[in-house]
Amino acid sequence: MPPGRGRGWGGGRGGHGHGRGPRPRRIRRLLEPALLHLLRAGPLHGYALVGGLEELGLEAYPTDLSGIYRVLRDLEEMGMVVSSWDEASSGGPPRRVYELTTAGREYLSEWVHDLRATAEMLERFLNAYDQGGPEAESD
């Protein structure tokens with residue numbers, strides 16, 4: 001399912017319910033392209049992906065390790081990544097390692113296209129706001 005299609009706007013966990021206010025810097029499902037982007041460099045395990053998310057500035061993104069693994073599992077079911085157990089590289093228990101597929105690279109490209117369009121739209125909105133667009137009439 002391409003980005004921005006399917007489940008629609010808002011709804012579900014993390015939506016913009018009444019009385020809760022906006023959530024700046026949150027783009028719905030941003031973990032998908034972020035994880036796919038990190039996997040472009042090569043196979044990684046979950047903790048390395050968490051470190052990569054921090055390097056991308058997503059350490060405050062509202063999720064936890066289990067949420068990241070949920071997204072990875074969903075991406076694997078969609079055929080965007082494959083995983084295997086790496087028993088050789090660590091001294092501890094085997095770790096699941098994720099790798100980007102060709103379909104995942106194409107999906108990431110679609111995400112990047114949509115994110116660039118979103119960035120342009122946000123920039124236009126912010127410029128209009130900064131220029132003092134129409135003021136709401138007070139009652």
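Which residue in β3 is the bridge partner of leucine 44? In the predicted model, that partner is tyrosine 98. Two bridges connect β1 with β3, and these strands run antiparallel to one another. They belong to an open sheet of three strands, ordered β1-β3-β2, in which the pairing is antiparallel. β1 and β2 are the edge strands, each pairing on one side only. Helix α3 packs on this sheet and touches β2 and β3; the direction of α3 makes about 115° with that of β2.

Strand β1 also contains histidine 45. Histidine 45 has a relative accessibility of 18% and counts as buried, because the cut-off for that class is under 20%. When residues up to four places away in sequence are not counted, histidine 45 touches Arg95, Arg96 and Val97.

Helix α1 spans residues 31–39. Eight of its nine residues are buried, so α1 is largely enclosed by the rest of the structure. The buried positions are Leu31, Glu32, Pro33, Ala34, Leu35, Leu36, Leu38 and Leu39. The elements that cover them include the strands β1 (44–45), β2 (81–86) and β3 (95–100), together with the helices α2 (46–55), α3 (65–77) and α4 (102–130).

The side chain of glutamate 32 meets that of arginine 29 in a salt bridge, with an N to O distance of 3.1 Å. Arginine 29 counts as partly exposed, at 21% relative accessibility. A search of the whole structure finds one salt bridge.

In helix α2, the buried residues are Gly46, Leu49, Gly52 and Leu53. Viewed down the axis of α2, these residues fall within an arc of 110°, so they line one face of the helix. Tyr47 and Glu55, on the other side of α2, are exposed. Cover for the buried residues of α2 comes from elements including α1, β1, α3 and β3. Just after α2, glycine 57 adopts a positive phi of about 85°.

Key
Residues numbered from 1 in each chain as written. Predicted model: local features only at pLDDT ≥ 70, side-chain atom pairs only at ≥ 80, totals over all residues. Heavy atoms only, no water. Buried < 20%, exposed > 50% of the residue type's maximum accessible area, 1.4 Å probe, protein only. Helix = DSSP H or I, 4+ residues; strand = E, 2+ residues; numbered from the N terminus. Contact = heavy atoms within 4.5 Å. Salt bridge = Lys/Arg side-chain N within 4 Å of Asp/Glu carboxyl O. Pairing = 2+ DSSP bridges. Axes fitted to C-alpha atoms, helices over the stretch in contact; angles between N-to-C directions. Arc of directions from axis to C-beta.
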